[in-house]
Amino acid sequence: MQNLRVTMFGRVGLFAGETRPIEFETQKALELFFLSAFHLGRGLARIEAASTLRMDCTDGQARRALSTDLWRVRQGLSAAGLDPDQFLAATPRAVALIASPHLRIDLARFDLLFAEISQRDYGAVDAQALATLQEAAALYRGDLFEGQSWDWGLVAREQARSCYTDIADRLMQHFMAQAE
C-alpha cells in the first residue's frame, strides 16, 4: 500500500508516496480534505463540515455540495493510485480522515513533538529534547495553510505560529547558553 503524505505547513500539498502530487478537481474538495486532515482522529459531523465549507448556503445546499466534494476527494485519491477507503471514512452522519501508518501529516507530527516539549521545564534541554526541538522546527516550513484563506484555519494558524515561536525561543536559549 502506498503512503499518503500531507503537508500543511507552508504551501499545502498531498502526495502519493513521497513525491507524486495529488490534485482535486475543485478548491472545495481540497479544502474538505484539509479540514478532515486537521480534525484527524476526531472527525466531523457532516452538518459541521458542510456548514464550515459553505457558510453562504442553506443547510440542504451545503449538505448536497458536501456529498459532491467527498466524491471529488475520493476521485482524486483514486486517480493517484490510492484506495480512498483506506484513508477516508464517510458515513451518513460523519466525515473523517482515517489515522493509519500509511498516512503522514506534518501538523500531526508537529503537535506530537510540541506536546512532548511543552511537558519539559523551559530551560531543560538534553540531547533528546534538542533533537525533538530541531525536528519540530524543521517541520514548520511556513505558516499553517499558507496561501489559503480558509476561515476555519485562521485560529489554527495563529496557534501553530505560537507553538513554533516557543520552539524557536527554546532553541535560541539553548544555543545561547552553549555559546553556539
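**Notebook: surface, helices and a few single residues**

I began with the surface of the protein chain, whose accessible area comes to about 9600 Å², with 51% of it belonging to carbon and sulfur atoms; such areas come from the Shrake-Rupley method with a 1.4 Å probe, and for residues only the protein chains shown count as cover. I noted that this is a predicted model, in which local features need pLDDT of at least 70 and side-chain atom pairs count only at pLDDT 80 or more, while totals for chains, interfaces and linings use all residues. Residues are numbered from 1 along each chain as its sequence is written, and side-chain values use heavy atoms, with hydrogens and water left out.

**Entry 1: the whole chain**

I looked up the elements and found seven helices and seven strands in the protein chain, where helices (H or I, at least four residues) and strands (E, at least two) are DSSP runs numbered from the N terminus. Read from the N terminus on, the order is β-β-β-α-β-α-α-α-β-β-β-α-α-α. I then took the box along the principal axes, which the C-alpha atoms fill at roughly 60 × 35 × 25 Å.

Of the 180 residues in the protein chain, 44% are buried; buried means under 20% relative accessible area, exposed over 50%, and partly exposed in between (1.4 Å probe, protein chains only). For contacts, meaning heavy atoms within 4.5 Å, I looked at pairs at least 6 apart in sequence, and 63% of these join residues at least 24 apart.

I also checked the charges: there are 19 positive and 23 negative side chains, and the centres of the two sets lie 7 Å apart. Here Lys and Arg count as positive and Asp and Glu as negative, with His and the chain ends not counted, and the place of a charge is NZ of Lys, CZ of Arg, CG of Asp or CD of Glu.

Helix α3 covers residues 59–79, and its 21 residues reach 30 Å from the first C-alpha to the last, close to the 30 Å expected at 1.5 Å a residue; the expected span is 1.5 Å times one less than the number of residues. Which residues of α3 are buried? I found Ala 62, Ala 65, Leu 66, Asp 69, Leu 70, Val 73, Gly 76 and Leu 77. Seen down the axis of α3, these buried residues fall within an arc of 150°, so they line one face of the helix; the arc is that of the directions from the helix axis to the C-beta atoms. An α-helix has 3.6 residues a turn, so residues three or four places apart point the same way.

On the other side of α3, Arg 64 and Ala 79 are exposed. The cover over the buried residues of α3 includes β1 (4–7), α1 (27–38) and β6 (94–97), among other elements.

In the loop between α2 and α3 I looked up Arg 54, which counts as buried at 19% relative accessibility. Beyond its neighbours within four places in sequence, Arg 54 is in contact with Lys 28, Ala 62, Ala 65 and Asp 69.

Just after α3, Gly 81 takes a positive phi of about 85°. Leu 82, in the loop between α3 and α4, is buried at 6% relative accessibility. Its C-alpha is 6.7 Å from that of Gln 2, although Leu 82 and Gln 2 are 80 residues apart in sequence. Not counting residues up to four places away, Leu 82 touches Gln 2 and others, including Ala 16, Ile 22 and Phe 87.

**Entry 2: helix α1**

I turned to α1, whose 12 residues reach 16 Å, close to the 16 Å expected at 1.5 Å a residue. Nine of those 12 residues are buried, so α1 is largely enclosed by the rest of the structure; among them are Leu 30, Glu 31, Phe 33 and Phe 34.

The buried residues of α6 include Ala 129, Leu 133 and Leu 139, and their cover includes α5 (106–118) and α7. Leu 139, in α6 (residues 127–139), has a relative accessible area of 16% and, leaving aside neighbours within four places, is in contact with Phe 9, Asp 106, Arg 109, Phe 110 and Leu 113.

The phi of Phe 145 is near 55°, a positive value in a residue other than glycine. Most residues other than glycine have a negative phi.
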